Amino acid sequence: MQVEKYKIDGFNNEALADHKRRLDFVAADVANVDDILKKLEVFQIAIPSWALGTGGTRFGRFSGGGEPRSLEEKIEDVGVLHALNKSSGAISLHIPWDIPKDAQAIKALAAQHGLAFDAVNSNTFQDQPCAPESYKFGSLQHVDKAVRDLAIAHNIEVIKQGVALGSKALTVWLADGSSFPGQLNFRGAFERTLDSLKQIYAALPDDWKMYLEYKCYEPNFYSTTVADWGQSLLYVSKLGPKAYTLVDLGHHLPNANIEQIVSLLLMEGRLAGFHFNDSKYGDDDLTVGSINPYQLFLIFNELVEGMDARGMNHATDLGWMIDASHNLKDPIEDLLQSIQAIQIAYTQALLVDKAALQAAQKVNDVALAQEILQKAYRTDVRALVSEASLRAGGAIDPIGAYRKLKVRENLIKERGEKTVATGL
Ligand code: LRH
Ligand code: MN
């Protein structure tokens, strides 16, 4: 299913007057509107191939209908997202959930939808049918060399798949760890994992990066072998300059100060990028900005400050990816909301008066510092995000257009009620 441009134009014409009124209102107080709109237009967020169907939990899964049955249909759905908001110009594959059978054909199909391939993700947390070894007790950490070698070979194979698609990064997330005291020798697990990662690192093309994603718990419930930012930073520092630490917002213990972690990883030049989502308790993989939008703003405030301090390109120097699971919402609507929440937080961070904030920090004027931050956070920037979409050929209100154009209804007609997508 494609969303034709003339249909989006039709939708925009009806919404234009109201949009212009909102835009004029917010732009009146914003000095650098054009700079912000340019930054928003080039800011592309990668869509996870494993989050285009209905997610579930061990207690159940409630399919929404019209789900993509193949990688080709997943690319079509990301194409719908990108046609509506012009900010979803990349797809991040998870292998073997989404193996491109014909890489050149898949690459061409993606290009038709204006899509590139972001980081490819390996999977050594599930046993593949008739696999010679099992990852039950881990993969790169495993005490058995044969299991480690299987996991290393898989990661090297994933790199090859990524090269064929034009991807430039491998994301490694390890479920490895232990669920009971005494089960694992932590030093042994670290050393075996590091040795395994070194063999994968050695297979990276020169212009590639390795993103090492940490997670505090689940599926292991006593220790995780890459559990937090400190451990991930320790690994990547020992691996080499092409290794970076990936921050999944849902992978922290309660009340962790993620914006401080981001600031320090940026300072060290070891921040890979993000798996954006939101959570109230564990790795809930909820819609970005649906639970704690202020934290998302504070993270982008550190990102803008830290990237500018290093002269980094906001759009291209970090990996901007979503990692979510849609148990209740329409997957495409959920992703449209997540992308908008990221764009809003980024735009508000661009509004922060950095000189005034630094001046307040220099004199420990704590109240003024908060006033400066929250002035930006309390600015309704949605019209700026809409204008950037409009200027790029997208919809002023992507979710409104998605519903008005009855995309899901058409997908269900095309694919049926009971189709199930691969992934989480
Ligand atoms: C682990 C994780 C990781 C993926 C998986 C789908 O919780 O965040 O990024 O491999 O979700
Ligand atoms: Mn993740």
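**Backbone geometry, case by case**

Tutor: Start at Lys86, found in the loop between α3 (71–85) and β4. Keep in mind that this is a predicted model.

Student: What is phi near at Lys86?

Tutor: General idea first. Most residues other than glycine have a negative phi, and most peptide bonds are trans. Now the case. Phi of Lys86 is positive, near 50°, and Lys86 is not glycine.

Student: Is Lys86 buried, exposed or partly exposed?

Tutor: Lys86 is partly exposed, because its relative accessibility is 25% and the partly exposed class runs between the 20% limit for buried and the 50% limit for exposed.

Student: Which other lysine has a positive phi near 50°?

Tutor: Lys406, again a residue other than glycine. Find Lys406 in the loop between α14 (398–404) and α15 (407–415). Its relative accessible area is 48%, so Lys406 counts as partly exposed.

Student: Now the peptide bonds. Is the bond from Ile95 to Pro96 cis or trans?

Tutor: Recall the general rule: most peptide bonds are trans. The bond from Ile95 to Pro96 is cis, and its omega is near 20°.

Student: Where is Pro96?

Tutor: Look in the loop between β4 (90–92) and α4 (103–112).

Student: Which residue does a cis peptide bond join to Pro219?

Tutor: Glu218. Omega of that cis bond is about 10°. Pro219 sits in the loop between β9 (209–213) and β10 (223–224).

Notes
Residues numbered from 1 in each chain as written. Chains lettered and ligands numbered in written order. Predicted model: local features only at pLDDT ≥ 70, side-chain atom pairs only at ≥ 80, totals over all residues. Heavy atoms only, no water. Helix = DSSP H or I, 4+ residues; strand = E, 2+ residues; numbered from the N terminus. Buried < 20%, exposed > 50% of the residue type's maximum accessible area, 1.4 Å probe, protein only.
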